[in-house]
Structures are given as structure tokens and as C-alpha cells.
Amino acid sequence: MSEAMLVVDNVSKRFGGVVANADISLEVAPGEIVGLIGPNGSGKTTLFNSIVGFHPIDSGSILFEGREITALRVPQIARLGLLRTFQQTRVYGKMTCMENMRISTANREAGLRGMFRRFPPAVDEHAEELLEFVGLYSKRFLRAGDLSFGQQKLLEFAMALMNGPRMLLLDEPTAGINPTLINGLIDRLRRANAELGITLLVIEHNMRVVMNLAERIYCLAHGELLAEGSPDEVQSNPHVVEAYLGAH
Amino acid sequence: MPNRNELAIFLAVAVAGIAAPLVLPGYTTQFAFLWVMVVFALTWDVLGGQMGYNSFGNVVFFGLGMYVCAVVQIAPFTDLAEYTSASGTQDIGLSHGQYYLGLAVGCSIAAVAATIVAAVLGSGILALRGHYFAICTLGLGIAAGEIAAGIDLIGAGSGMVTPLYPGGIGSRERFFYFLFLALAVVVFLTLRSVYAGRFGLAINAIRDDEDKAEAMGIRTTRYKTVAWCISAFFLGIAGGLVGNIVGFIDPTEVAFAGATFGVWMVLMAILGGKGTLWGPVLGAAVFHVTQEVFWTYLFGWQRVALGLLIVLIVVFFPQGILGWLRERYPERFGHRIEPAEGASREGA
């Protein structure tokens, strides 16, 4: 897979004496949906933070579409089209859903004039389409902070799509979402992947979701890469079972 | 585009603004300062309200503008060091043309100088967040006053006298009144316009969640710096004009007056409702009128009364007047749930 979209090569990150990530290597090919699983505290979110430039890594390198992004900062990486969502759901609480969507449009063109530009009607139309897509159209003039947690999660997903990314890192997209809505969300993630061509790397605790969604899965435990393979392979891997059941 | 309600308010304010000094000429200076207060509150709210960065140092740009403008007005006509050491006894006798040209050039250079200082300071300290930024700007305001009080060329601690207005008695007040009215209108319309575009939503996003804004690729540092530059630009002009209407620049009481102007900016914006367009205007009007009334009827106790008012504002109107109205009458002032025809932006 030399044409991989995202290459994480031997990345290590420690916080004081705690080794959060030890020599993690993984690859995601264009158009793939890859799952990242592991018990709590196994270093999944740390790895996401390392990839998007939230903190510097201790060693290793990260490539996005063949470009070295190890030393880039968060907004720069985001503008390349590699976007992440947050585990603790982050939206702009005092702004309406539509405002949240408008400001999420990618602003890749530099220059002072771009900063003051008005939003063309096409932006609003696109925002409404995407809100419709995640089922929040009727809430579009509510303040984002007044939405329920699950709705905020959906809004955050719509905002990410509004940005038109090449690849999305989703940190537990179904956490806190009503079980009956989860199937709908899986369907939407698949459609975003198939119709919009967005490559997905998904952290997920819900085994049913990740086994259904992902084509390949990486499993972390104690900051190390434990297993990788198809959902069936990972599911039957004795190390993975051990890590999850705690017989260590 | 303004809707019909807004247009009516614009019209009412314009009529009142133009009529005020003609109907009550005795109060022209007080009315002029009303518009100064509006400019203070509006420019403070760019960072403090819309962007969520509480700045206690905006008075730096105001004082800087005041000194820069005065120097530009005086230096071409006489030796600056001699002029300031004569502390007001030397009249350089400017003609009408010299005075107006000097004021225009002075204010322009003041605006540019303040903007440059904001860009330089901002690129450094706007990386600080929350309370750290607030404390840092508080230090800036105090330091600026002390520095100005140490420079002999601009009169050091004993201050500086601005050039005499060449016109007759009473005409000076009216001249500056209309300049301040125009400045306030320009500031309001400029902010109204930039808030409606990408800039407004970007600084709102920074207020609500700066980490998220960065994760979405927004150039936060650039937006923050430009926001401060916009404030500084207008405060520089305001400073240049205020120096001329007051007639005397004291480094810590007039120019870098952190304890009065510096605090009032914050209070007026909070009183009216920070983070809204009309809130700071409303807050400035209410605050200024109240303050003038205290000076007139509670003389000797006016500072105590003002302090009490500040406490009452913070305790009972933490959201400001407009914020309170929005909560109380959401259907009239709040965010709309259903869009009005062709509405592109909700709320005031």
C-alpha cells in the first residue's frame, strides 16, 4: 500500500513516565473505513491527537497523502483536509446550527479579503442539505448548545462534512447516541464514505458498530499495537479477547 | 440589508444625534462624550464580547492615538520640546486650514500607529487565553501610562496641551460633536458589516471553543490579531479627537486612563449586553446618562454611586440589558426558531 492516504510510522508519545503510544504504525488507504479499538486508556485518543498535530510526538513520523505532517500544527493539518471530531463533542454552543455550519466551510484561500467575505447563498443551501442529511434540519435555527448530546454529535459530524475533508478521524461517533439512531448513523457514515469519498478512521467502543462499519481494524492496548486485520480476525484474536476481558 | 425595524431605529438615532446639540447647545460636550462612549463600548466588544477575550488594555490604543495626533498637529509648526516645556503658554496660532489638515493627518497617523501596535502586541499576547490575557492587557495599560509619563518630549508627567481651535466660542464643541457622531456611526456600520460575514462567525467560534475552531482549520491567530487591529484603528482616531476636545493630555488621567475610560469600556459593553451589536450602544447611552446625572445631583458622592451601580449591574444584569430582554422576551429579541423571509442573520 504505497499509495496509502495516512501513514503512521513508529509513533511514540509519552506523558512524563506514562507511555501513551509506543512505536505505533498503521496505514489507511484512500476510500477505506478503518476502525481503531482498544480498552479505555489504551492510547487511541492520544494517537488521534498526535496525528492532527495537537501535541508534538516524541519519535516517528506521520504522512498524509505522501506529505510529511509530523511537525505541522492543528489548523494547517485541518486545511490539508485531515479533520478530526472530538470524543467530548465540540460545537460552538452560543451560535445557531446554521452559523455552526457556515463557519465550518473550508477557508483555504489566504488573504485578508477572504476573512471578511460574506457567505454566498450556495453555502446556506449546502448547510441545509447536510443538516437534512444528519436529521437536524428542523433544529437549524436553534442554538447548538441547546441541542441534546446526541444531536450535538450529529451536528459535529455535519460540520466536519461541511468542511469537505479528504479524511475524517472520528472519536467515538456513536457514544451517547440513542441506540435506535445508531443504525442510521452507521448508514450515514457509510454514505459519506461511498458518496463523498471521505476516508474514515474511527475510534469506537461499540463492538457491533465497529464490526459492521470497518473493513479493517487496529486494536491498541497499553499504548501498543496489539492486533490488526479484518473484523473477524481481530474478533477471534486471543490477545484482543484477553485485553478486553482483562486477563492480562 | 437592514430590516424595517432597524431602519426606523437608525433614523431615530440620526435625528436625535443631529438635533441634540442644536436643541441643547449647553450640553454639546456631554453629548459629544456620549458618542465617545459608544465608540469605546463597541470597540471593546469586538474582543470582549464577540471573541471572548477580555481586554483591559484597549486604552493603550486610545492614549497612543491621542499623543500621536497631538505631535503630528504641533511638530510641523514649532519645536516640540520647546512647546511642551512651555506647558501651554506658547500659542502656535494655527489657521483654520492648518488646524483641520493637522487634525486629519494626525488622526490618520494615530489610527495607523495604533493598528501597528495592536498587530505587534497581538501576535505576542493573543496566544494567551482567558484570565492570562486579561491580566497581561491590564499590565499593558498601566505600563503605557508610566512610559508616557517618562518621556520629556511629550511633556512627561505634566502632560501636553493640544493646539487651540481657531474658531469662535461654542463652534469648537459643535465641530467635535459632529466628528464624534460620525465616528460612532462609521464604527457601528463597519462592525455591523464585518460581523455579518465570515469574520464575525470566526471570532464567535473562537469565543465558543477555540480548540474546535483550530481543529476546523480556522486561522485563529490571524482572526484574533485582525480583530484587535480593528479596535485599535478606531480607538486611535477617537484618542486623537478626544485629546483635542479636552485640550490637555495627562498621561494617566486622560490618555491612558485605565481606571476611568479603561474600566468604563468594559462596563458599558457588559451593561448593554456583550456579544451583541446594539448592546454596547445601549450600555454606553445608559451608563453615560447615569454618570452625568450622578455628577449633577450627587456631587461628592458620584464615585460611590457609580461604584454601587457597577455592583448592581454585575449582580442583577450579568447578561446585560439586551441579554436580559432576550431571556425575558425571546419572541421579540431572541434567536428565531423559524426563519423570517430571507433572513440571513438572526438576533440583533
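In this predicted model, 28 residues of chain B are in contact (C-beta atoms, placed from the backbone, within 7 Å) with 27 residues of chain A. Helix 8 (198-208), helix 9 (210-215) and helix 10 (220-246) of chain B each supply at least two residues of that side of chain B. Helix 8 of chain B gives the largest share, seven residues. Helices (H or I, at least four residues) and strands (E, at least two) are DSSP runs, numbered from the N terminus.

Residues are numbered from 1 along each chain as its sequence is written, and chains are lettered from A in the order in which they are written. Local features need pLDDT of at least 70, side-chain atom pairs count only at pLDDT 80 or more, and totals for chains, interfaces and linings use all residues.

Strand 7 (residues 167-171) of chain A is largely enclosed by the rest of the structure, because five of its five residues are buried. Buried means 20 or more other C-beta atoms within 10 Å of the residue's own, with C-beta atoms placed from the backbone. Met167(A), Leu169(A) and Asp171(A) cover one side; Leu168(A) and Leu170(A) lie on the other. In a regular strand the side chains alternate between the two faces of the sheet.

| Partner strand of chain A | Sense | Bridges |
|---|---|---|
| Strand 6 (residues 82-84) | parallel | three |
| Strand 8 (residues 199-203) | parallel | five |

Leu82(A) has Met167(A) as its bridge partner. Asp171(A) is partnered by Ile203(A) in strand 8 of chain A.

Key
Two residues are in contact if their C-beta atoms, placed from the backbone, lie within 7 Å. A residue is buried if 20 or more other C-beta atoms lie within 10 Å of its own, exposed if 12 or fewer, and partly exposed in between; C-beta atoms are placed from the backbone. Two strands pair if DSSP finds at least two bridges between them.
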